[in-house]
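Open the model in your viewer and keep the selection panel at hand.

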Amino acid sequence: MKIVFLDAKTIGDDIDLSGYDALGEVVKYGFSTPEEARERTKDADVIVLNKVVINEQSIGEAEHLKLVCVTATGTNNLDKEYLDQRGIAWRNVAGYSTETVAQHTFALLFYLLEKLHYYDEYVKSEKYVGDVSFTHFDNVFHELSGKTWGVIGLGAIGRRVADIAGMFGCRVLYYSTSGKHDQPGYERVDFDTLLAESDIVSVHAPLDVNTEGLMNAGAFAKMKKSAIFLNLGRGPIVVEKDLAEALKSGTIAAAGLDVLSAEPMRADNPLREIKDSDKLMITPHIAWASIEARTRLMKIIEGQIREFFHL
């Protein structure tokens, strides 16, 4: 059996993949274009990938291909109709990053809520050296306890965030983007109510027809001026030019993002204009990427291959 990793760099060089060697011949490529993938998968039985688009163009000559494994939850890059026509199975992975994404959600929140950039710069610029008072009050912050946290998308990650927020003393609301899911023990509200009542709004929803462009100018206008917005779902859920304007105009107080509409960030992204770190914090799609989560992810993929081939 030949296993081909098409974009191994997307899971990092620090993850032990030696367990795959026991399954057969393993070939790893850092990144692959569709044209390169077409050549590299010709004699593959299994391909492992993250972002490479899988369709007739990229795997049309892969005559021995039996299984496609995606090192992610989202599968928008798979032409599933084509795979079905060819009788090629596919697998993805869910649940491997719940803890680390929830953790990163709170990292973004506390960075913004407690004005950590401001206070870090205050000390490192040596303004604190020889100051009159032992405490510097100029950029006030608030307790999380007693605030209302609105969760958009109450899947596994959304529920974990909701539970932790509750431990901090928050009232938690949620909005079901599909309109189909009731979660016992959680307070479900309509979209407008969530926006109007929440001090923090965090997105943990998939990208689909119900969520694309959901957070637009109209949505931001319904939020509190003191609200903090967090997107840990998918970039296109947010209309980025509308978010940039909402931050510039003070429509909302701040935003923390781990996902963008195009990744890596494009030169024309309107959020590039906002340099105030008290208003905007962007991390480069790393919420899922703790070493524990990536190790867990690749162990699950290895197990899927073993199960599929009865190894």
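A disulfide here is a pair of cysteine sulfur atoms within 2.5 Å. By that rule this predicted model has zero disulfides.

Stop 1: Select Cys-69 and Cys-170. Cys-69 has a relative accessible area of 0% and is buried. Cys-170, at 10% relative accessibility, counts as buried as well.

**Stop 2: salt bridges.** How many salt bridges does the model contain? The count is 19 salt bridges.

Select Lys-2 and Asp-43. Their side chains form a salt bridge, with the closest N and O atoms 3.0 Å apart. The two residues are 41 residues apart and link distant parts of the chain: Lys-2 is in strand S1 (residues 2-5), while Asp-43 sits in the loop between helix H1 (34-40) and strand S3 (46-49). Lys-2 has a relative accessible area of 14%, which is under 20%, so Lys-2 counts as buried. Asp-43, with 39%, is partly exposed.

Next, select Arg-294 and Asp-14. This is another salt bridge, and its closest N and O atoms are 2.6 Å apart. Is Arg-294 buried or exposed? Arg-294 is buried, at a relative accessible area of 10%.

Move to Asp-45 and Lys-66. The N to O distance in this salt bridge is 2.8 Å. Here, too, distant parts of the chain are linked, the residues being 21 residues apart: Asp-45 is in the loop between H1 and S3, and Lys-66 is in the loop between helix H2 (56-59) and S4. Asp-45 is buried, with a relative accessible area of 14%, whereas Lys-66 counts as partly exposed at 35% relative accessibility.

To finish with the charged pairs, select Arg-38, Glu-39, Lys-42 and Glu-61 together. These residues are linked in a network of salt bridges.

Stop 3: Where does Asp-79 sit? Asp-79 is in the loop between strand S4 (67-70) and helix H3 (80-86). With a relative accessible area of 32%, Asp-79 is partly exposed.

**Stop 4: a nonpolar patch.** Keep the surface on and select Val-123, Tyr-128 and Phe-134. Together they form a nonpolar patch on the surface, with about 350 Å² of accessible area. Phe-134 is found in the loop between helix H5 (116-124) and strand S6 (148-152). Its relative accessible area is 70%, which is over 50%, so Phe-134 counts as exposed.

**Stop 5: a residue in helix H9.** Hide the surface and select Leu-243. Leu-243 is in helix H9 (residues 240-249), and it is buried, with a relative accessible area of 0%. Leu-243 and Leu-271 are 28 residues apart in sequence, and their C-alpha atoms are 7.8 Å apart in space.

Key
Residues are numbered from 1 along each chain as its sequence is written. This is a predicted model: local features need pLDDT of at least 70, side-chain atom pairs count only at pLDDT 80 or more; totals for chains, interfaces and linings use all residues. Side-chain values use heavy atoms; hydrogens and water are left out. Buried means under 20% relative accessible area, exposed over 50%, partly exposed in between (1.4 Å probe, protein chains only). Helices (H or I, at least four residues) and strands (E, at least two) are DSSP runs, numbered from the N terminus. Patches are made of residues with over 30% relative accessible area and no salt bridge: like charges are joined within 9 Å, nonpolar side chains (Val, Leu, Ile, Met, Phe, Trp, Tyr) within 5 Å. Accessible areas come from the Shrake-Rupley method with a 1.4 Å probe; for residues, only the protein chains shown count as cover. A salt bridge is a side-chain nitrogen of Lys or Arg within 4 Å of a carboxyl oxygen of Asp or Glu.
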